[in-house]
Each structure stands twice: as structure tokens, then as C-alpha cells.
There are 6 protein chains.
Amino acid sequence: MPQRIDGRAPDDLRPVRIQPGYLLYAEGSALIETGSTRVLCAVSVEERVPAFLKGTGRGWVTAEYGMLPRSTLTRTPREAQGRERGRTYEIQRLIGRALRAAVDLEALGERTFIVDCDVLQADGGTRTASITGGYVALYQAFLNLLKRDILRTLPIRSAVAAVSVGVVDGEVLLDLCYEEDFRAQVDCTLVMNERGEIVEVHSATEGAPFSRATLERLLALGEQGVRRLLEVQARAIQALP
Amino acid sequence: MPQRIDGRAPDDLRPVRIQPGYLLYAEGSALIETGSTRVLCAVSVEERVPAFLKGTGRGWVTAEYGMLPRSTLTRTPREAQGRERGRTYEIQRLIGRALRAAVDLEALGERTFIVDCDVLQADGGTRTASITGGYVALYQAFLNLLKRDILRTLPIRSAVAAVSVGVVDGEVLLDLCYEEDFRAQVDCTLVMNERGEIVEVHSATEGAPFSRATLERLLALGEQGVRRLLEVQARAIQALP
Amino acid sequence: MPQRIDGRAPDDLRPVRIQPGYLLYAEGSALIETGSTRVLCAVSVEERVPAFLKGTGRGWVTAEYGMLPRSTLTRTPREAQGRERGRTYEIQRLIGRALRAAVDLEALGERTFIVDCDVLQADGGTRTASITGGYVALYQAFLNLLKRDILRTLPIRSAVAAVSVGVVDGEVLLDLCYEEDFRAQVDCTLVMNERGEIVEVHSATEGAPFSRATLERLLALGEQGVRRLLEVQARAIQALP
Amino acid sequence: MPQRIDGRAPDDLRPVRIQPGYLLYAEGSALIETGSTRVLCAVSVEERVPAFLKGTGRGWVTAEYGMLPRSTLTRTPREAQGRERGRTYEIQRLIGRALRAAVDLEALGERTFIVDCDVLQADGGTRTASITGGYVALYQAFLNLLKRDILRTLPIRSAVAAVSVGVVDGEVLLDLCYEEDFRAQVDCTLVMNERGEIVEVHSATEGAPFSRATLERLLALGEQGVRRLLEVQARAIQALP
Amino acid sequence: MPQRIDGRAPDDLRPVRIQPGYLLYAEGSALIETGSTRVLCAVSVEERVPAFLKGTGRGWVTAEYGMLPRSTLTRTPREAQGRERGRTYEIQRLIGRALRAAVDLEALGERTFIVDCDVLQADGGTRTASITGGYVALYQAFLNLLKRDILRTLPIRSAVAAVSVGVVDGEVLLDLCYEEDFRAQVDCTLVMNERGEIVEVHSATEGAPFSRATLERLLALGEQGVRRLLEVQARAIQALP
Amino acid sequence: MPQRIDGRAPDDLRPVRIQPGYLLYAEGSALIETGSTRVLCAVSVEERVPAFLKGTGRGWVTAEYGMLPRSTLTRTPREAQGRERGRTYEIQRLIGRALRAAVDLEALGERTFIVDCDVLQADGGTRTASITGGYVALYQAFLNLLKRDILRTLPIRSAVAAVSVGVVDGEVLLDLCYEEDFRAQVDCTLVMNERGEIVEVHSATEGAPFSRATLERLLALGEQGVRRLLEVQARAIQALP
């Protein structure tokens, strides 16, 4: 079994570290590091909901995603983020759906939780790190609102975490770093919850269509990764004051 | 087995009709209708490639997607398309990847095929109709360039088609119309080729995580739908002059 | 008398065909074809009026105009429509004024009728086709609102239609196709109603100022064209259910 | 015969004053005042032409039009100029066509003359004042380039001037001020040259279609006005150093 | 002592001329000329205040700044003003702060005075001319509102005026023209009131850090200039009807 | 002497901490914390210069400034950064000028050093922290380019640092936190170098003009603060590998 660029086995995650409560003003926050990837997740609460939820008593969770100009190997001009907006929107819609699947929206009341995910350094897996770290930041925000009697119950249905898997040089690998991601024939993002259910799966290729058997192997490996990330999240949450 | 809104069985496609060569100036074109959904696909050829392909001898296929203001039940202002841009980019990136998987980019030479998919009427499934119809338009463009000796071989690797499947009221349904899509717990877009390989699968939920068994059923039903669409495409292509 | 590019006599219109009710969701719609030019007109009704009409009991008719990227001989990028916005605005202001002249705004109540004119294929005369087809779409919308008792009377004052005339190689021609328009010394847009009154006339030149006698001949020829278009409109309207 | 708001007879122009050479840096300039309307016209010369003229040896004349925020009765926010852009583009295209009709583009060489028309105060007739004053500014620029041996001949074919005419309360009036323009049933912009030829005529209505006889009367009255403006221009040009 | 480009002594102002009431519609206005620099200042009054002042009974003074395209030696395209927006905002924030320091905001009531400063010709010192001229325009607006009993007292605390000073070729100069400004090692904008207090001082360098002694000399020379400008303002105000 | 909000004496700085080399990909970087304010500075090198420097052999240093949405007490929407752009541009122009004053631009060669200053948390003094931290990041970038033989000498003329001073409740205070800044009558930004020269001073007021004596006291206190910051910088630089 050949070693990977950074010496990992095919089914190894990179080292993950989550610092909850990284920010002073945000209702909840977490700095998540997976390998060299660093994403700062910050939760803000606003006492309003999108138009389609007004009067329903239900709340909303939404995400925004950004990259600092020098989070990347070469600088990405701020203006270029306009051109890259397609990818950005796709990512933030994914993060939002994933986190909503973790939450009991009924229990939020008519308020919106905005999860800002800003990438300080990007070495692959920023969208999955945003989901995994965003969940912790959201959890802290819920705890804060419970303490302040704004929420009555913890509005969590099931923790969610996310990981990337892919086929690189014919081999199925877990948690791709940037260089692996760049060379991958098949690229798969998997979001699952702690009940072992799938929240979202997106598997795409740039020119190398794949069999259903390959999809099975990607899902099985991804599921292992998500399970380990759920443990890291749980420990980070226990460390909260 | 309960009937669907429009009387179909769960595994029925809506009536599909593809008019190839709908436009006069475009190198290739097709008007695809699936039920009330109508998408006009037009292929333009440009003698240049994106920067990362310059000097490689390879070509590119890319897609753009738009909706006419009154393609929708209530009018969508042109300005609002800015706000909806996230969804738009996500869709056109999907269409582009799907069509590239059908094509031998090496055989294109350094030129770009732009597939414009404009929705005249939207009743669900506009992104999958864009892929299915876009393939026919692209095929016509290739034939035209073959006739004009610009291409030497037909640069097709394998036909691709796409369909939506989903879980609505607990039941797995093929080819969702707008109302079914709106009510779906799980929503899945499946792109496959004529070799039975997966080109892309994207399965997401708004709040109802699902089991791997459900994913299996979605894939199996979607595969049936794609196979029938590939036949409709083949007939449309045979009708080309 | 020399023949024109497409074999017409100087005072010939191109074949005109109007399909009313082309769209399912729009309150009124029509697909108009004049030669190779094809414009899809869709009417939407909104229960609000511009600020200057609030509280007056009067309604409004306004138009928007767009071109699909591959409606033109070579593709016009969507972004380029920004640069072309000057021409676009000028055209949609013209269409709006022309259609308002056909309508009894008092009888509309405080609602706005938006006429979207989207060019599927452009071979000259798209602005005049938009007016001629837009009138039919608007008529259908009025009939629909009458049936639903939202309007009490048909708010029509006088049908309007529009045609282009021009001086090409010294000769006065009716209904210019793109190639004639491109080569025209004088270019004239004429909008008239069924009472034989002028609604708008705009005659301009790129470097070949003209006499009042020439203007007279343009108006006379244009009037003939408008009269025939009014007949085509009338037949399309009679075909409405 | 009823008097007008400002005491003029129906066929009176407002007092016109043209100060050529108002600006220090511009190649040509003129401040034109017609009644309370004041437009500052400035000509800049650039050693390049639009793409379609490259290599033809011909030059170009183009115009841009703007309004200072407090040129109007109530302030127009700078941002609102975006929304008003339709009208702006329509006006600057008109000014450009009108001035090009005055010029021998062949004699310009491959250079572009940009005529900036900025409205300091707007009391109706700003587009026609821009044309009338813009011609003087352009003439001065030509003289300057002749003196500097950049041009060999004065590239003028025929002076042009413009005026508005309209039907207000059933009466045909020359040179409408803002309040008359606002109340006009028919509104006509006429551009003519010193040979008595029409350069452009645009006659429109907001809801009061008019006969060809009315159009005749508008043209006749407008022609008188243009002739007087051509005299004012000629005197301003003679006053140039 | 070496002469300056335009023959002035180091402590000479350029000739200053203020025409108050230059515009017809604006509540207050002034055209200020300092040498070749010309700025048109126009005051508009709106019966609303920014959100942070609602309900406080206090008013606001704000400024906007713009340059006509051919105010500069070579033409500045209108679109380029976007790119130059940084400088523009910085200038208009400065003008706003300076004029607010002259005014008793409590005495304004909840209304906003917008001071539009549009540069007709730019030969250095446009921001300071905007402040000096803007004060006169504002004063006229206050007088107008007093006459119309909208204000009860003249809401002036102390006249303000502004001047630039700088170090050019090692010498401290007053009121820099464009060419001096371009070559200055140190550039200082000084705003003072008639009580001799500093309202704002901004002293910057492009690569030539300076001593506190130099700053002292700049302030002393600037103070002389401001004092003379305050006299010019006072005379302009006395000339108001 | 009354204590400040956070218990400091009037002439106390907040605790300052600079982590050089915080980022992996950037040529130079530093995370600076002053109290709760945290700014991430990242230097990127590009082998091109602005147009006005082409062919001169000189280089350039420029800065960009941004704030993460939840760096502030309440969330600032990303879109709102558009509206706040005036302030942003003003700040990044200041940072750029300040850092250029530290650098020997001749020794850079024709390349541009872009210093991105992104605020992770904002408690006052973000612009001065950006300058102080940006200098360290820039120094690291210079060292890196020296090691890689791209630069021959260290292109430093004199270290620069910046601090804010202000008058709050009549008292002159050093290094204002957000709450003090909000309540300040006079607000002064001071940038100085290690030779004790002033690089930039900007002292402004919102409604409380001040004497030259007050300005003297502000400068004196600010100078003390800058001197201490220069020491912190020096230690951070010594800690670089």
C-alpha cells in the first residue's frame, strides 16, 4: 500500500484540532485546524427570519463562506472573489443545509443563526472543516442562549460532521489535502450525522465516470472518517465552560 | 400504490420531446421539453480555451444557465437573478462537468464549446433537462464541425443524460415536477453515461437525513430513467440531417 | 426594381406568424416570428404601481427586453449585456410607451402589466416585433383578467403595431432584415394605431442627413406595413380561446 | 394666442448664450445656457478608435452625458443615476449620432473625440442644448488641432443644432421648458443641419397619438428654431481666438 | 527666496473668488475659484436624518464630492471614478466633518443638509476649496430656511475654512497648485475655525518623514492662509441678498 | 487621575503580542494582538509594479484592509462592506503610505509587496495595529527574499509603528479601545519611525475643535507609545528564524 504525500495511510485523517470559543463577541465560535487547513467559524444570532418563515415560529440556520486573500498558495485578489462567487455560493449553501440537518428548527424560535466560515489557510477540505467546526460553534451559541434563557431546550437533533473522500491514482483516499484533491479523478463530499444517516453526498468527476461499486467504497471510507470527527467535536464541546 | 399529482406511476418519466436544430445561427441547438419544462440549448464554438489549457492542444466544454423572467409560476425579476446567482452558478458548473464527461477533450483541439441553457418554462428538472438536451445540441455542433473539416473525428466518449429522483411523502419517485420537488424530503440528481457509469450524483436533504439503503433505491430508479432518456437522445440525433 | 437580399419587393413584409398563449404560467403570452426573428412576449400582472401612480386609481404597462446569448449571429456573452445596456433600455422604454398608447390606463386599476420581450433569434426588427407581439400578449392577459372578474371592461383604446423602414442604397424599404438594417443610411421605427395615428416615430441616420420628402416616403411605406401587421394581430387574437 | 408660463410666444426660443472655451484643459469646451438650463460641454481627444474602426483611417465622435445631483429641482442622488441610466444612455447615443452627422469622420484620422455634456442646471431641453453647445466645443477642438498641425483640414461637413418642440394643451410650442415638457402630450426632438436636412427626428407621446398633420407642424416650427440656434452657434465660433 | 511656478511668494494664496447663489434650485450654493481650481457647491435639505440620529432632535450635515471627467489635465473616464472611489470617500468624509464642526447640529432639527461639491476644474486644493466654498453655500441655505421660518436661529457655531500647505523642494509653501502638490515631499491639509482652533489636520508624506519642527511651520503658515480665506468667505456672505 | 475602562493609566498601552510567521504560504506574516484587537497581516510578493513605476527599477508596497463579519460587537454583513468602503479605502491608503515610508523602494526591484491586513477581532486601533504588525510581516518577507537571493540588501530605511491617541472626557489618552474611541472628542492617529520622525499625523474631531496646545500633548503622548511599540516589533523580529 503506497504512502500518501504527507505519509498518511489511505484511511487516515489529518490531525484535527478544534478550539471552541476563539472569539470574544460572537455568540459561538470555533477555530478548526485539519492539517494546514484553518477555518474560523463564528455564529451570530439575529432576531429575524427569512420571509418564508415569518409567523411560523420556526428559526433558520444559514452559512457564509469566505477566504482570506492569502489563505491560498498564491494570493487570491479580493476582487477575484467575485469571479469565484459561483464556488463560494455552492459551498455556503452546502454548509447551511448540513447544519440545518443537525438542528431542531422549531425549537429555535423566530431567529436566524448565521455561521460565518472564514478560511485563514486552505489546504483542501475547507468546506468539510467548515461544517465540522461550524457545528461546534453553533453548539456553543445554543448553550449561550440557554444560559440567557432565550432558548428553553438545546435545539440539537443529531451532531453532523463532514469529510472528503476521493479516488486518486486509482486508490480510494480519506480526507484529501489540496494536492490530492487537485489530482483526484473522483471527488466526494460526505456529510453524516451521529445516527449514521447521510445528510448529503455529492460525488463528481472531471472526466472519469465511476461504477456504483466505487461509490460504495467511497461512502464506506467516508463514514469511518465522519465517525472519528464526531468524537473530536464531542471532546471540544465538553471542553466548553 | 398512490398516483402522483399528474397521474404518473412512481417510476414514470414525464413525456420528453427533443427538437434538435431549433436555432438558425448556433453551431448546435436543441429545444427539450419534459412535461411543462422547456429548455433551449444552444452551442457556440470559440477558437480559444481557458488559460490553464493554453498550449495543451486540448479543448473545453462549458455551460451557462439562465431563466427567462416568466419561466416561473410568478415572475422572477431580471435583477433578482443576481440574488439567485448562487444557485445559477452551481447549476451551470454541474452541466459543464456532466457534458465534459461525455466528450474527448483531446479531440476538440484548442477550442471552447459554450452550451447556453435557457429555461423558457420551469416545472422542475431544468438542470437535468439542460444536460440531456445539451448533449444533443453538442452532438449537432460536433457534426457541423466534422462536415466543415474542423474536427477530424466525432469527439464523443459516451452519451450522458440526467434525471432527478427523490423521496416524496416517503416514496421514491422518478423525474420530479416542481410541486413534487418542492415537497421532497430527499432530492437527488443523477448523471450517468451509456456505459452505465455514474458521472455525478448529488443527494441532499432539507432536514430528513436518509439511510444508505434509501440512497441505493434512488440510484436504481434514477438509472432506469437515464436509460430511457438516452434512447430519446439517440432518436433525436438520428433525426439530424 | 432591384430585388432584396431575400427576394422581397421593397414594400414586402417578411412572413409574420404569431402564436398566442405560448406559455403556461404567464397571464398572457405570444411567440412572434417575422422572418428569422423570433421574440417571446410574456405578460405578468402585479398588484402595485410605480410611486407616481399610487392613490390615483390608474394602472401601468411597462416592458423589459432581453436577448438570449445565441440569438445573434455570433454569441453575445451575458456579461456583455451590461455594456449593451444603453441600447436595451432605449428599446424597452420604446416598447413600454408604445403599448401604453394602446391601453386605457384608467381601466386597469392600480396594477402593473409587465411585458417581457425576450429575443430567441435576432434577424432585425426585434423591437418592432416586440411591440406587435407584445400587444397580442397583453390582449390575452386582459381577457384572462376579464374572465376572472378582475377587470370589468377590456382596457383597450386602439390596437398598436410597429414596423421598421429605412433607406438602403438610396431605396426606401419596408421591414429591414439584419443585413439591410446594418447597411441602411436612414433607419426609421414607426409605431401606429388602428385609427391611423402615429404613436411614435424615430428616424435617425449614421452620417446621411435626409430631406423632409424622404421622411414622407418612409412614413407612407411604414403605414402600409403597420396596417398589414394589425390584421395579423387581429387574426391571432381571434384564435384565442 | 395664450402666453406661455414664462411669457414667451409659442414660436419663441428662450434666451440662448454660449461661452466657448469655458475650460482650461479641454481641447474644446462651451458653456451653453438656454433659459435656466446650463450644460457644460468639454471635448477630449484620444489617439485611439473603437475596434470596428481600427485600420480604417477613420475617426470617431462620441458623447457622454451626466447631471450634477442638484441640477434638478429636488436633488437626484448620485446612486440614482444608476437607475436613470436608461435615459442617460439614450441621450448620449443621440448626442453622439447628431455630432457625427456634422463631421467628416474620414478627415479626423484614427482618433476619438469625446464630448462630455454635464448638466449644471436642468430646466428642460438639456439633450438639445448638449448637441447645440457640443457642436461649438467640437469646433474649438478642431481649430486647436489644426493649429497644432494634427488635423490638416477642418473636418466639418455641416453645422448641426437641435431643439425640442411639443404639443402642450393642444398647442404646438417651440423649445419647451421643464414644466411645459412635463405637461406635453407630444414631445419631439429635432436635429437638423445648416443645409436644412434632418439629422434625427424623434416624436413620441405618452398616451396621445397624433396625426401626420401635427407632425408636419412640429417639424416646421422646429426648423425655425434650429435655424436661429445655428446663428447663435456661428457667432460663438467667430468669437473664438 | 525663489519664486513659485506661478510667480507667487511661498506664503501667497492664489486669487480666490466665491460666487454665492450660483444655482437656482439649490437651497444654498457657491461657485468657488482658487486659481484655476473651480468647485461648484450645492446644498440640498432633506427632512430626514441618518438612523443613529432618529428621535434625537438633532440634524446632520454631510458632503458628496465628484469630479467632472474633463476637470483634469487629461480626461478621467466616468467609470474610473469607481477605481478612484477610495480617494473620493476620504475627501467627502473630510468635507462633512469639517462643515459639521461649523454648525450647531442641535439647532438644525431632524433634517440633513447635503453639500454636493463638484469639481469643474482641478488645479490642486479641490478638497480645501470644497470646504471653504461649502461653508458659504451652507450659510446661504441656513439664511433661506430662516426666512421661511423653518429654522429659528442661525445654526452656526464658528466659520470654518481650509487650506493646503506642503514641503516642496525643502520649502514650506501655502496653497499648493497641482504641480506643486504632485512634487511635494510633505502634504498637509489644515481646517480651522474663526476662533483659531484646529478642526482637522492631516499631514502625510510619500517617503520623506518629517520633524515636529516642520509640522509647526506647516501649521503656522496654514493658519495665516485660513485667516485670509475666512475674510473672503465673510465678504461673500455679506453679498448675499 | 481617574482610571480608564479597562483599568489602564492614561499613558498605558494595552498588552501587545506579535506572532510572526503565523501563516504557511505567505512570504511574510504576523498576527498582532493589542488588547482584544487581533489583526492578521500577510505579505504577498508579485513580480509587477503599478503602471507609473514600470521601467524605473523601483518597487512598491501597498496594503489591503478587511474585517471579518463577526470581528465586530454585532455582525457586519459582508455586503455592508460595500457601504463601508469609504472608510476601508482610507485605512488601506494610510497603511500603504506608512509602510512605504519604512522601505527603500529602490532596493525592492520592480516588484510589489501586498500587505493584507484582516481584522479577526476589532476593539479599537485596528489601523494602527495593521501598520505595527504589517511592518513585522514585511520584514519577514524581506528576510525570505534575501535568503532566496531575490533581494540583495535588506530594503529597510527605518522601522515604523503607529498608535492612536485622543481626548476623552477632556483627558488625553494613549491607545484607545473601541469604547474610548467611540466617546473621544478628538481622535489622532500617529505614525512615526525609529528616528523619531513623523510619518503621518491625522487629528480630527467630531464637533470639538481643539487648540494647538492640545495637538502638542497628543503628539507627545503618541510618541511615547510608538517608541514602546517599536521595541515589541524588534523583539518579534529577533524571534524570526
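Visitor: How many residues does the contact take from chain A and from chain B?
Guide: This is a predicted model, in which local features need pLDDT of at least 70, side-chain atom pairs count only at pLDDT 80 or more, and totals for chains, interfaces and linings use all residues; side-chain values use heavy atoms, with hydrogens and water left out. Residues are numbered from 1 along each chain as its sequence is written, while chains are lettered from A and ligands numbered from 1 in the order in which they are written. Contact means heavy atoms within 4.5 Å. By that rule, chain A gives 32 residues to the contact, and chain B gives 32 residues.

Visitor: Which residue of chain C comes closest to the rotation axis?
Guide: Chain C can be laid on chain D by a turn of 180 degrees and a shift of 0.0 Å along the axis, with an RMSD of 0.0 Å. At 2.1 Å (C-alpha), the residue of chain C that comes closest to this axis is His202(C).

Visitor: What area do chain C and chain D bury between them?
Guide: In this pair, 32 residues of chain C are in contact with 32 residues of chain D. Because 100% of the interface residues of chain C are also interface residues in chain D, the copies meet through the same surface. On carbon and sulfur atoms lies 50% of the area buried between them, which is about 3100 Å².

Visitor: How are H5(C) and H5(D) oriented to each other?
Guide: Helices (H or I, at least four residues) and strands (E, at least two) are DSSP runs, numbered from the N terminus; axes are lines fitted to C-alpha atoms, for helices over the stretch in contact, and angles run from 0 to 180 degrees between N-to-C directions. The axes of H5(C) and H5(D), each at residues 212-238, come within 13 Å and cross at roughly 160 degrees. Angles under 35 degrees count as roughly parallel, over 145 as roughly antiparallel, 65 to 115 as roughly perpendicular and the rest as oblique. The two helices are therefore roughly antiparallel.

Visitor: How many nonpolar, polar and charged residues form the contact of H5(C) with H5(D)?
Guide: Ala, Val, Leu, Ile, Met, Phe, Trp, Tyr, Cys and Pro count as nonpolar, Asp, Glu, Lys and Arg as charged, and the others, Gly among them, as polar. Among the residues that meet are Arg212(C) and Leu215(C) in H5(C), and Arg212(D) and Leu215(D) in H5(D). The contact divides into 6 nonpolar, no polar and 6 charged.

Visitor: What is the orientation of H2(C) to H3(C)?
Guide: Helix H2 (residues 85-100) and helix H3 (residues 126-147) of chain C pack with their axes 10 Å apart, at an angle of about 40 degrees. H2(C) and H3(C) are therefore oblique.

Terms used:
Copies are superposed by least squares on the C-alpha atoms of residues with pLDDT of at least 70 in both. Buried area is the accessible area (1.4 Å probe) that two parts lose on being put together, summed over both.
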